[in-house]
Amino acid sequence: MRRTVLSALALAGTAVLMGTGPAFADGPSTPSPVPASAAPTSQPEKSAEPTPAPATDEPTRAAEPTPAPATDEPTRAPAEGQVSRVPSGAPDTGVAASPGSGSGGTALGAGAAAVLALGGGTVFVVHRRRATGA
Amino acid sequence: MNSFSRRAFTAGALASLLTACAGRGSDAPRPGTTASPVPARRARPLARSVPVRLLIPSIGVDTPVLRLGLAADGTVQVPPVTAHDRAGWYRHSPTPGESGPSVLLGHVTVGPYGDGVFRHLARLHRGERITARLENGTAAQFAVTAVRTVPKTDFPADDVYGNVDRPELRLITCGGARTGDGYADNVIVFAALSGTKSPTPGER
């Protein structure tokens, strides 16, 4: 009897250990999003230098004593299929109309019409209320 | 079966349940490893095919797409200032749906002709849909992930043209305060591929 109980308990313990095995194996991989979440901080928006220091781009290798600058961006895909020639400066994608004409003038006219319509509506309502004696 | 055996059996059953739960937990989807916001599901990259039309239903854009290159001064070419303004695809960038940042540009205003094709680009919100129809008939569908207005003097070239490991889209126009006959800022829409649509007969 006791042997049955002990063997059953041993089996249960083995099953629990086997169950926790995958969880432990999975555990170390969960911190991997951490460097990913830190990735935006490694890409400063205001970096004027064209060649950012590779060490800052390697959050996963930060713990290593010898930061090798050989691999520039290990988390990114190879350059194939990416932008092959990066333009300089900002795109000039807007030619403003001369002041007082075009859409500006149209907007002004629309605004004036709206004001007139609102005024007319108010006058109408006031007259109506007076007529009904309210 | 006496009480000892019953307890042992219960312990075994509990252990099996724990094992099953642990096993299922390991199959759970893990967080994305990319820094930028990820859409609900990650679509597969498409084969290279140049864009011929761009549609953004939420702001009423339905435009043919030109091909743009580099100007003599090294800046990116922009579509011509005409009455019927169109968007343009920067041909040194991936085609929409290919892995990498595909760049399309359009005017916000076209001088005496009034509004440009990207007049209301800044009104886009996260999650809204953008469709690029390609030359091979496929439609690449994107979801907006971010809309940024940045000073032209501080244009984020790395964020716009930098390598990414999935198919993304960049729509660029001008915005902000007027400076002479131009604008002080750029409006940049970032989007990620959310799906594809196979060609349908008669549709282009």
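## What counts as buried

A residue is called buried here if 20 or more other C-beta atoms lie within 10 Å of its own, and exposed if 12 or fewer do. Keep that cut-off in mind for strand β4 of chain B (residues 100–105): 6 of its 6 residues are buried, so the strand is largely enclosed by the rest of the structure. One caveat before going on: this is a predicted model.

## Two chains, two make-ups

Let's start with the overall layout. Chain A comes to 3 helices and 0 strands, and reading along its sequence simply gives α-α-α. Of its 134 residues, 9% count as buried.

Chain B has 2 helices and 8 strands. From the N terminus, its elements go α-β-β-β-β-β-β-α-β-β. Buried residues make up 37% of the 204 residues in chain B.

## The barrel in chain B

How do the strands of chain B close up, and in what order? There are 8 strands forming a barrel, in the order β1-β2-β3-β4-β7-β8-β6-β5, with mixed pairing. From one strand to the next, the twist averages 35°.

Take the β1–β5 pairing to begin with. Strand β1 (residues 51–56) and strand β5 (residues 129–134) of chain B run antiparallel and are joined by 4 bridges. Within that pair, B:Leu55 has B:Thr131 of β5(B) as its bridge partner.

## Either side of β4

Strand β3 of chain B (residues 87–90) runs antiparallel to β4(B), and 2 bridges join them. Here B:Trp89 stands opposite B:Leu104 of β4(B).

What about the pairing of β4(B) with β7(B): parallel or antiparallel? The two pair in the parallel sense, over 6 bridges. One residue to look at is B:Val103, whose bridge partner in β7(B) is B:Arg170.

In soluble globular proteins, nonpolar side chains tend to be buried together. In this model, the largest nonpolar core has 42 residues, and those touching the most other members are B:Leu104, B:Leu105, B:Phe142, B:Val189 and B:Ala191. Strand β8(B) supplies the largest share of this core, with 8 residues.

Which residues does B:Leu104 contact, leaving aside its neighbours within four places in sequence? They are B:Leu54, B:Val65, B:Ala87, B:Gly88, B:Trp89, B:Leu169 and B:Leu171. B:Trp89 is on that list, and B:Trp89 also stands opposite B:Leu104 in the strand pairing.

B:Ala177 and B:Pro151 are 26 residues apart in sequence, and their C-alpha atoms are 9.9 Å apart in space.

Is B:Ser198 buried or exposed? With 7 other C-beta atoms within 10 Å, B:Ser198 is exposed. It is found in the segment after β8 (182–197) of chain B. In sequence, B:Ser198 is 60 residues from B:Thr138, while the C-alpha to C-alpha distance between them is 4.9 Å.

How values were computed
Residues numbered from 1 in each chain as written. Chains lettered and ligands numbered in written order. Predicted model: local features only at pLDDT ≥ 70, side-chain atom pairs only at ≥ 80, totals over all residues. Pairing = 2+ DSSP bridges. Axes fitted to C-alpha atoms, helices over the stretch in contact; angles between N-to-C directions. Core = buried A, V, L, I, M, F, W, Y, C linked by C-beta atoms within 7 Å. Contact = placed C-beta atoms within 7 Å.
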